[in-house]
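Colleague: I'm new to reading models like this one. Could you walk me through the salt bridges?

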Amino acid sequence: MTETDLRTHAEDIHDQFSDQLDIGVDDVEERLSTLVDDYKVPLDEARRSVTNTYLDEAGMDRDDLASSGGNEVKQVRDIDAPEEWIDLTAKVVDLWDATSDAVAQVGLLGDETGTVKFTKWSKSDLPTLEEGKVYSLRNVVTDEYQGRFSVKLNRTTTIEEVDEDIEVGDDAIEVEGALVDIQSGSGLIKRCPEEDCTRVLQNGRCSEHGEVEGEFDLRIKGVLDDGEDVHEVIFDQEATENLTGITLEQAKEMAMDALDTSVVADEMREKTLGRYYRVTGPTLGRYVLANETDQLTEPVDPEAVLIKARSI
């Protein structure tokens with residue numbers, strides 16, 4: 001890590017808080033340097049930690065934090081990382097019932113490349129979006145949950161209706177094959193319980209919020225082999241329950257009885273490895289996100305499955 005790298009990040013953080021706090025770039029750089037150089041904290045985590053400190057000092061929420069400079073204009077299919085500030089033009093495809101008073105609107109936005117979930121917070125005091133209309137949305141922030149990206153509209157977002165129509169594209173694909181591997185990070189997992197954060201905990205720690213109690217969730221990261229290609233697939237809680245017949249409550253009971261969460265993933269392997277499935281859903285990087293799953297045939301030879309799994 002060079003001093004230039006630290007200085008650049010310090011300048012970015014300073015620009016974000018210069019209107020709210022009396023801080024200098026040197027102060028920010030010193031905080032970053034202490035974490036990175038003295039405590040060997042990765043730069044991304046150090047930047048989040050310093051940013052969170054200044055958010056607390058300024059009495060601000062992360063959603064109030066606007067990016068410095070202009071945003072990149074993106075299409076839906078190009079949203080591939082959380083916590084990025086972007087602009088996009090999209091059509092309101094669907095509106096859903098909000099399950100929290102903190103949420104003013106929630107639904108689906110789409111453009112020619114696909115669809116993405118959006119959330120508009122009540123405290124943002126933004127105009128109401130109408131289903132079927134197209135909007136230019138500036139300064140929205142990306143988020144990620146269980147491999148699915150979404151966008152959040154906050155106080156700094158500007159909304160302008162656009163007098164045009166968009167033919168929304170279908171970003172779903174269909175893959176088939178034998179489930180030959182369930183990867184690590186599957187089964188009964190814990191996620192960060194902090195509001196708007198759903199990161200998977202590693203050894204009881206969230207990469208942004210540190211040590212937290214965590215909330216249980218189910219997930220499978222699997223590999224389908226069709227004989228020619230392999231496809232990595234993510235099943236969220238609902239898809240995992242449907243695939244395995246193991247509910248979240250049952251998984252927690254299994255782990256409690258065994259005093260070991262790994263028994264859940266082991267049981268899932270017993271129930272699913274070697275069976276053929278058809279999975280339909282959007283892609284995220286190398287993963288297919290399982291929106292629909294159908295079992296196709298009887299299990300294949302378990303020994304052959306194991307050979308395939310070891311070869312991946």
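Colleague: How many salt bridges does a search of the whole structure find?

Modeller: First, the ground rules: this is a predicted model, where local features need pLDDT of at least 70, side-chain atom pairs count only at pLDDT 80 or more, and totals for chains, interfaces and linings use all residues. Residues are numbered from 1 along each chain as its sequence is written, and side-chain values use heavy atoms, with hydrogens and water left out. A salt bridge here is a side-chain nitrogen of Lys or Arg within 4 Å of a carboxyl oxygen of Asp or Glu. Searching the whole structure with that rule gives a total of 16.

Colleague: About how far apart along helix H1 are glutamate 11 and arginine 7?

Modeller: Their side chains form a salt bridge, at 4.0 Å from N to O. Helices (H or I, at least four residues) and strands (E, at least two) are DSSP runs, numbered from the N terminus. Both residues sit in helix H1 (residues 3-17), four residues apart, so the gap is about one helical turn.

Colleague: Which strands does the salt bridge of aspartate 87 and arginine 138 link?

Modeller: The N to O distance for aspartate 87 and arginine 138 is 3.6 Å. The two are 51 residues apart, so to speak distant parts of the chain, in strand E2 (residues 85-96) and strand E5 (residues 134-145).

Colleague: Which residues are joined into one network with Arg7?

Modeller: Salt bridges that share partners do the joining. The partners of Arg7 include glutamate 11 and glutamate 29.

Colleague: Which element has the lowest mean pLDDT?

Modeller: pLDDT is the predictor's confidence in each residue, from 0 to 100. The chain's mean is 85, and helix H6 (residues 262-272) has the highest mean among the elements, 96. Where pLDDT is low, the predicted coordinates should not be read in detail. The lowest mean, 54, belongs to helix H7 (residues 302-311).
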